[in-house]
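Please examine the structure shown below.

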Amino acid sequence: MEKHLKKAKTWNMILIILGLLSVVTGVIGLPKSLNPKFSDYKVMGDYGQQMFDYLNNPLVKTISILSLVISIALVIFYFIANKKLADQIAPTKLPYYINIGWSILGAAIGFMMQPKMEVEGMDISLITTIVGMVFQLIFLLPAILVIVHLFKAEPEE
C-alpha cells in the first residue's frame, strides 16, 4: 500500500506542476481570450477572420473562464491530496476524474468548433486535431496514473 501511495504522490506532484502552469498561462492568456484583436488575425486572410469569429464566440469565452476556474480548483485539490498522501492517507479520486472529464469535454468542444484550416488547398484541421488529441492524452496520463495507484493502494476485502 505504501509503495502505491508514494507513486500516487509523485504523479500528484506532476499534476500540481502542470496545474500551476495551466493556471499561470490561463491568467496570462485570459485578456486575449476575452478580447481578441482582429489586427492579430488580419494577416491570415479568410482563415484569420474565421479564427477571430471563433475566438469571439461567447461559448469559447465561457469555456476559457470555466477552464481557469476549474484549473484553480483542481490545483487546490491536488495540494490537499498531496498533504493526505504525505500522511499515508488515500485522498478522494474525484479531482482526477474531474480533470479527465473536463479535458475530454473541452477538447471535444474545441475540436468540433475549430474552424477548418487550409494551406495551399490542403485541409490540415485533421492533422491539428490528431496532434491535439495526442497532447491531451499525454497530459492526462498523470491523472490516470494517480487513479491507478490509488486503486492499487486500497486494501483488498
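Ser 103 lies in helix H4, residues 94–113; helices (H or I, at least four residues) and strands (E, at least two) are DSSP runs numbered from the N terminus. The model is predicted, so local features need pLDDT of at least 70 and side-chain atom pairs count only at pLDDT 80 or more, whereas totals for chains, interfaces and linings use all residues. Residues are numbered from 1 along each chain as its sequence is written, and side-chain values use heavy atoms, with hydrogens and water left out.

With a relative accessible area of 16%, Ser 103 is buried (under 20%; exposed is over 50%, partly exposed in between, with a 1.4 Å probe and protein chains only). Leaving aside residues up to four places away in sequence, Ser 103 touches Gln 136 and Leu 140, contact being heavy atoms within 4.5 Å.

Leu 140 is among the buried residues of H5, as are Gly 132, Pro 142 and Ala 153. The buried residues of H5 pack against helix H1 (2–34), helix H3 (58–86), H4 and strand S2 (122–123). At Leu 141, H5 bends by about 35°, and Pro 142 follows within four residues; the bend is the angle between axes fitted to the seven residues ending at a residue and the seven starting there.

Val 131 is also in helix H5, but Val 131 is partly exposed, with a relative accessible area of 42%. Helix H5 (residues 125–153) gives the largest share of the nonpolar patch, 8 residues.
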